[in-house]
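Have the 3D view ready and follow along.

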Amino acid sequence: MDVFVIEGGRRLDGSIRVLGAKNAALPLLAASLMSDEAVTLEDVPDLADIRSMVRLLEELGCAVLRDGASATIRTRDDAPWHARYDIVRTMRASICVLGPLLTKRGRARVSMPGGCTIGDRPVDLHLRGLRALGATIELDEGDIVATAPPGGLRGARIFLGGNFGSTVLGTINVMCAAVLARGRTIIEAAACEPEVVDVARLLTQMGAQVEGAGTPRLVIEGVERLGGARYTVMPDRIEAGTLMCAAAITNSLLTIENCPLDALLAFWDRLEEIGVRVEVLDERDPLRATVRVSADRVLRPVQVTTQPHPGFPTDLQAQLMALLCLAEGNSIVTEKIFGERFMHVPELARMGANLYRQGSTVVVSGVRQLRGAPVMASDLRASAGLVLAGLSARGTTIVNRVYHLDRGYERLDERLGRLGASIERVDEKDLERPATVAVVAARASRLASA
Ligand code: EPZ
């Protein structure tokens, strides 16, 4: 297993381009299986989760041609309907083939995703929405088995609100299913996340009729078939936010291109409150802006509560917390989407952060400096928070299990390295040889004095 060895305290400098969004690319790939023609997606990031989705689509009878950052999906055989446990257990987002398979092929068997390190993650709202469209749903040996009625799904009024707000992938599943259903579907309390809008845009290009994407009310008129399309995945707002935190936590000046600023307003608002400057250099397209990020030496504490979009995104909570560890005073971070999503808290404490957690709230008392330490990544965004902490810490941080990070950030080590970070990917077996860390540290100090 790979680990990152990070020598902290180096300033970053230069320009970096945000890549395509994992959380848009996954459902866009899944939606492509509903088309009768080829669908080409551009700016598809090269990530472990994307590779799992491609493998799943291939098992489901699609040919997927990868060419650099583009992926062309064409259905060869529309008989398969089973998303097996072997794939689903490696990637929860496999659930987003459920709606497309059911509506296009009349039935779908998708292994029920289990919980994950960020908490219980039920799919009851997905199933409620599909049932409303007329599907019969049963659980068989751990699989969700969904069957459309004779003549196919039919439009309906559906309320998708739950105790924690709406559901992003649930909205996408029901929206996809409704696109090929007979008649009109109204989804009330739909998720407003930009990734839902991205999928709605692709579906529209394919010939679907979807109105209201980005608002809580979606109105969909079913169509008989979907055609081909060529579509560019939106830039990753979570990667962009992580890079902004990287600039701030290392007290650097970074230019970030292809930045979906318009999808990051709640995060931007908190950054400004903390004392991080975001200068907009080009926003002709507000979803692909160019910004320059810099931070004052003194960071101010803030209160932040994660919420469904357009609120502060849960996927940036760990990264912002890493930054708040260095603010002057007490910050309060409350997690309202995944109440247990605090795996980074004890690890940040190992680096000298002063954190007090009670339930789904953490009080962060800022310290002057973090200290390097071996830490364990346990989920994707927690890992990103630990990498950020390592970039700013004095000494060496070893982030274990970076395969979590690789699920959502493409070659983050190389890309941060190009900006001047000292971050090396090493096989954990080599770490047992003390020379490895010493060599990495010596290389870093040579670079620092160069
Ligand atoms: C998506 O997950 C993202 N994943 C997550 O990103 C993200 O954290 C999450 O949305 C929230 O923004 C992908 O897009 C692949 P939800 P999703 O259904 O759709 C509850 C990352 O780090 N809920 O919107 O699965 C649920 O427990 C990942 O990239 C129900 O109660 O999340 C949670 O509290 C992790 N019943 C809330 O709703 C349901 O049927 C929001 O979950 C579904 C969800």
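A salt bridge here is a side-chain nitrogen of Lys or Arg within 4 Å of a carboxyl oxygen of Asp or Glu. This is a predicted model, where local features need pLDDT of at least 70 and side-chain atom pairs count only at pLDDT 80 or more, while totals for chains, interfaces and linings use all residues. Residues are numbered from 1 along each chain as its sequence is written, and side-chain values use heavy atoms, leaving out hydrogens and water.

Start with arginine 288, which pairs with aspartate 285, the closest N and O atoms being 4.0 Å apart. Arginine 288 is partly exposed at 27% relative accessible area (buried means under 20%, exposed over 50%, partly exposed in between, with a 1.4 Å probe and protein chains only). Aspartate 285 is partly exposed too, at 36%.

How many salt bridges turn up in the whole structure? A search finds 30. In one of them, arginine 184 meets glutamate 221, with the closest N and O atoms 2.6 Å apart. Arginine 184 sits in strand β11 and glutamate 221 in strand β13, so this pair ties together parts that are 37 residues apart in sequence. (Helices, H or I of at least four residues, and strands, E of at least two, are DSSP runs numbered from the N terminus.)

Now hop to helix α14, where arginine 418 and glutamate 414 are 4 residues apart, or about one helical turn. Their salt bridge has its closest N and O atoms 3.9 Å apart. Arginine 418 is exposed at 60%, whereas glutamate 414 is partly exposed at 41%.
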